[in-house]
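Here is a short report on one structure. Look through the sequence and the model before reading on.

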Amino acid sequence: MEALYLLITLDRRIRRYIMNIPRHIGIIMDGNGRWAKKRGLPRYAGHRAGTEATRKVVRACGELDISYLTIYVFSAENWQRPKKEVNLLMDLLVEMIRREVKDLDKNNVRLHAIGDLAKLPPKCSVELEKGIGKLSTNTGLNLILAISYGGRSEIVQAVKAFARRAQEHPEIIDTLDEKEFSTYLYTSPYPDPELIIRTGGENRISNFLIWQCAYAELYITDILWPDFNKDALVAALDDFNKRERRFGKVK
């Protein structure tokens with residue numbers, strides 16, 4: 001870990017030459033509720049503490065020269081939670097965007113969102129669109145919020161979009177391949193993640209980027225999301241640097 005921290009302090013071009021820095025990291029931010037329960041606090045307190053962790057990790061990713069960070073903010077399945085909790089999460093999302101846009105702009109972060117955004121309450125859509133527009137010319141870290149997102153539903157909507165186009169152009173059916181199909185996904189503008197981090201210790205993907213993470217390295221930590229910080233992120237990068245990525249081939 002000490003050696004890795006030393007490398008991180010190097011010029012970013014030298015650092016990238018020496019280290020294997022993933023271009024795109026996805027994070028399943030799990031453990032807010034358990035973090036609050038351990039402290040005898042309501043779940044909402046855990047979600048609020050989780051926003052602080054998010055801020056620190058976004059900043060750290062920018063410092064580490066990571067190009068894309070996708071965070072699982074709210075899954076398609078989360079709509080099934082108690083209405084009170086959903087409303088609190090939506091309010092927290094609005095608050096977070098309003099509060100963080102200025103700091104994100106200062107750190108040259110560009111904001112994006114993927115998911116079934118039509119389901120969002122108007123107040124969330126408005127703030128999200130304002131934030132995305134405000135940060136649209138930035139050239140640093142691309143922060144992608146997965147909101148009302150589900151990997152299976154993303155694939156279904158991609159199939160529907162392809163089918164609609166194929167009705168007008170049947171010839172595209174025989175030429176469809178994985179690369180072409182990817183253009184119908186929410187994530188078509190972005191590279192596939194190379195590293196997926198899950199906090200909270202659960203050993204599953206939970207419907208997160210299930211097409212895109214086919215060859216991503218998985219890093220699962222018992223750390224609950226509100227306690228995840230730059231040190232924890234560096235530990236994940238340290239582990240990633242020890243992996244041998246073969247993509248099904250023999251090295």
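## Terms and model

Contact means heavy atoms within 4.5 Å. This is a predicted model: local features need pLDDT of at least 70, side-chain atom pairs count only at pLDDT 80 or more, and totals for chains, interfaces and linings use all residues. Residues are numbered from 1 along each chain as its sequence is written, and side-chain values use heavy atoms, with hydrogens and water left out.

## Around Ser-148

Ser-148 lies in strand 4 (residues 142-149). Helices (H or I, at least four residues) and strands (E, at least two) are DSSP runs, numbered from the N terminus. Apart from neighbours within four places in sequence, Ser-148 is in contact with Phe-74, Ser-75, Ala-76, Trp-79, Gly-115, Asp-116 and Lys-119.

Ser-148 has 3% relative accessibility, so it counts as buried. Buried means under 20% relative accessible area, exposed over 50%, partly exposed in between (1.4 Å probe, protein chains only).

## Helix 7

The buried residues of helix 7 are Gly-151, Glu-154, Ala-158, Phe-162 and Ala-166. They cover an arc of only 105° around the axis, so they sit on the same side of helix 7. The arc is taken from the directions from the helix axis to the C-beta atoms. These buried residues pack against strand 4, helix 8 (172-175) and helix 9 (178-182). On the other side, Arg-152, Arg-164, Gln-167 and Glu-168 are exposed.

## Cysteines

A disulfide is a pair of cysteine sulfur atoms within 2.5 Å. The count is zero disulfides. For Cys-213, the closest cysteine sulfur is in Cys-61, 17 Å away, too far for a bond.
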